[in-house]
Amino acid sequence: MSGSEIPSERSIITVLATDIVESTRHIAACDPDDAQSFYDHWFEYLRDAVEGAGGTMIHYAGDGGIAVFGWPSPLEDHADRACAAAWEIQRPNNGPLGPDGRTVRFRVGLHSGLAAVRQINRGGISRFDTVGATVNIAAKLQQAAPTGGILLSGQAARLCRAQLSLTPHSPSPTFGAVQIDAFRLEARPDRLDESDVARRYRSPMVGRDRELAKLRGMLPRPHAESRSVALIGEAGIGKSRLAAAAMSEALALGSRVCVFFGDAQKRTTPFAAPRGLIEDLLRPSGAISGEDLRSALSDAALSEDDFAALESLFAPPQDRARNKAGRLTETQLARVLVDSFCVLALDRPSVVLIEDLHLIDPESRRFLRLLAEAKAAQPLLLVLTGRPEARDEARETARTIIQLEPLSTGAMQDLGRQLWPEGEAPGPILDRIVHRADGLPFVLEELVRSIEGRDLPGFEGLPHSVESVIHARLQRLSPSAKALAQALSLLGEDVDVEFASAVLGVEAGTVTADLAELERFAFIHPVAGQATHMRHQIITEACADTIPHERRRELHRRAVQAITSRYENLGGRFEKLAFHAESAGDDEGALGYLWEAGLEARRSSAGASLNLIFDRALGVIARLGEAADEKYVDFVLMVFASMLQLGEFDKMNTHLPRAIELARRHGHPRLVCSSLSQLGLICWFEGRYAEGLAATEEGLAMARLLRSPALIFSNQVMLANLLHGMGRLDQAIAEARDLSDMLTGPLETARLGANGIPRSLTLSFLSWIMADTGRYADCLEIAEQGLAIAVREQDTYSEVLARSALGRSLTMLGRNSDAVDCLAQARYLSERNGYDAIKANLAGRIAIALSRTGRMRQAIEIVEECLRKGLHLRTGQMERYFLLAGYAEALVTSGDAERGLAQLEEAFLIARRINNPCWMVDGLGLRARLMTRAKPGDPRIEGDLAERSELCRRYGIAPWAMEPATGTPIAQTA
């Protein structure tokens, strides 16, 4: 682009295309000078008709031309004006106006839509230009129009405010493959007058008395209880207006009010909401360092690990304790953030407003759920706003849901009268506005704004597209305010003045002045402190749509530069950086930021956000191709444990084999070795034992060559479990014992990159495996050793696995009450710390122990809660087997034999499908025992016992059973 050209813009406009019908016949016998005079006259005629209606003739070609309405002059009624100009062009002519004595006739086509528009200055001549499908469609409509006729698209007709007399037009071959909904304009549109007035307005609260009264009754007062409420409704329905009214009353009562706005650019930034809330509370004290945190939270009962985790979120890099940040799970960190917030904020009754729950990251939603349940010294009201798609998340957090329905016609009319610019609102026009707004206050406001200053008696109709109105309002702004509005639409929901100044490259004072203009024109909320955000997502999207691609990329590039230069600590900003880098076309930079965002999510145990970050990274990797192969492997290995915890087995089955292949191709033995252990883990979960065994045997051999204790552990522990799944008990026990012997001395408490303490985990698995040999007392002792290490090291994940193994041994020894207590503690820890993958297993195991102590109803409730939450769908085959087996025993013991045996059959099919002999032995014995209880004498009992004996003989499994009458445990050796 030359320096004489103004950069292109994008705007919704109406394009008029026209030409003279059979112009060649008019000038066939003419002298060239007469022909030129003919065209000059009619081009002048076209220009007068277009400009008289407020349009601009931008191009003449052959015997016609192209005109635009809505740019460069901002016209909210551009479609109506184009129709008026078209009718003026087609007005009946008096007398022979052509050189050949015939009447001159035209064809006209009209279409409205988004187009790229610009002003070009070349050779001292300035002209306007527009390109895009909008222009092409208008030209096709002109070509298909009949002589003396006007064709307009359905999109242009819907933008018109006037009542139009239209006749549907049959599809024309001229349209080609383009689908155009066309109409013929049959009558002159009514005259519409111009309005360019758009003033700042304050929207009154109308029609929400009941909802406001309910919110008012929930406001926190001394000695009252804490409450939580969600305002749910579609965009523009008035959620924020209602919340703002309640916040005003809370402030009048002396309550503290804390606000966080959901941001589409932070949907996978872990704990964005508590970070924002706590940073706002600490901001008066200056930069947030580790010392600041410790000083501000000196009254909180936080451990050293808690402070380390907080520092990893808030403090500059030099203040972080990165080696300890990952010790807390997502749930643990959420609790620490809740405790911290309560200490900082709840020195008096407080209100927390979370706007746009549908844009809040998963970890912040967990924080909010815990905050809603927190016991604090002062009452708290938690207010959430969200669109309908956030209703389920709202129900998980808020005790009260207020569903905002569209306002009644009467309420909308009251609102319209209060918003009317001056004088009394004409009834018919107000009725039309209310009908168009369809119960949405925001749309009503925009529609009323679009008619301010008009000659109302002649005004009929209203704009159908709010976006078109916003584009016209945007053009009325000063150039710098318009540029700021466009930039704000890309920079996120909450933008501070200095950041906007850096991105636009203008002085902060200029930005402040432009913000005042945007506030007057109701593009933004009033500036709070040094930050602002757009009034509504509709405005954000409409403004963003006007930015040309190259300008958009430039703004995103500047945003990256501004963020990286302004903040020493980029924690919590990597997702925003990735968004801007990707939008700027810098895929390599975006991938790097996504990697940092992923690491941050993993340190916070934020599996759900990590999953979303991984999906975004896959899209970037696909565009980069082979250049991103190694980063792809790194991502797969980073997310693997979290994906299994989330039950994303299909995703890992898709990506893990390719990661192994690429790691081999690029010569990274450590990555290959690590990937093989992970392949073994997923194969164990899914019962693909032979495939997993081959992988871990290869991985273990590589790990020993590499002399890496971490890789030896990850492969050997899975090797032992896979051998156990295949019924090769002696080998499984030998591998587990060998690994246990290695993990002594300095390695006894080393983490080796694992989710728990490796020696504790190994002892737990060894206890579990040995239980199938019938040596229950030895298993009990080994599990207790693993539990002692876990408790001593304060590692909850290791403790859960140790208690799971211990509970199994206690059950097999007939100590069912002890087993219930042990497994109940494991369930509590798994629930509190978010260990979802093991919950189904624990639920099934405790159901068995509860049933054998006569507490069947409690057992059934535990299992059914697990099923309701879908936890059995996000875990491995073993977990599903034990869940259903425990359910079966509880049902049969409670007297519901048919349903119980059906559940047991489903469990047994799992054991058969993956050919796990230990589970088959367990299932056959359980079925024989339950059948003896429910259907004594059934011939299947004898068959099950015979098959079980054969499996025990073949694999060396000790059958475990229980005398139906006495409950005495029986351990047999094969």
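Here are some notes on the model, point by point.

1. **Ground rules.** This is a predicted model, so local features are taken only where pLDDT is at least 70 and side-chain atom pairs only at pLDDT 80 or more, while totals for chains, interfaces and linings use all residues. Residues are numbered from 1 along each chain as its sequence is written, and side-chain values use heavy atoms, with hydrogens and water left out.

2. **Helix α13.** Start with α13, which covers residues 362-373. (Helices are DSSP runs of H or I with at least four residues, strands are runs of E with at least two, and both are numbered from the N terminus.) Its 12 residues reach 17 Å from first C-alpha to last, close to the 16 Å expected; the expected span is 1.5 Å times one less than the number of residues. Nine of the 12 residues are buried, where buried means under 20% relative accessible area, exposed means over 50%, and partly exposed is in between (1.4 Å probe, protein chains only). Among the buried ones are P362, R365, F367 and L371.

3. **The start of α13.** Have a look at D361: one of its side-chain oxygens comes to within 3.2 Å of the backbone nitrogen of E363, at the start of the helix.

4. I733 sits in helix α32 (residues 729-742) and counts as buried because its relative accessible area is 7%. Not counting residues up to four places away in sequence, I733 touches L766, I769, M770, T773 and R775. Beyond its neighbours within four places in sequence, S501 is in contact with V506, E507, A508 and V511.

5. Which peptide bond is cis, with omega near 0°? That would be the one from W71 to P72, and P72 lies in the loop between β3 (64-69) and α3 (78-89). Then there is L752, with a positive phi of about 55° although it is not a glycine. L752 is in the loop between α32 and α33 (758-770) and is partly exposed, at 23% relative accessible area. N915 also has a positive phi of about 55° without being a glycine; N915 lies in the loop between α40 (897-913) and α41 (917-934), and its 47% relative accessibility makes it partly exposed.

6. **Salt bridges.** A search of the whole structure turns up 58 of them. One joins R792 and E748, with the closest N and O atoms 3.4 Å apart. R792 is in helix α34 (residues 776-792) and E748 in the loop between α32 and α33, so this pair ties together parts that are 44 residues apart in sequence. Another pairs R927 with E905 at 2.8 Å, N to O. That pair links distant parts of the chain, with R927 in helix α41 and E905 in helix α40, 22 residues apart. R927 counts as buried because its relative accessibility is 16%, whereas E905, at 32%, is partly exposed. Finally, salt bridges that share partners join E550, R553, E554, R557 and R558 into one network.

Notes. A polar contact is a pair of N or O atoms within 3.5 Å; within protein, one must be able to donate a hydrogen and the other to accept it, and residues adjacent in sequence count only if both atoms are side-chain atoms. Contact means heavy atoms within 4.5 Å. A salt bridge is a side-chain nitrogen of Lys or Arg within 4 Å of a carboxyl oxygen of Asp or Glu.
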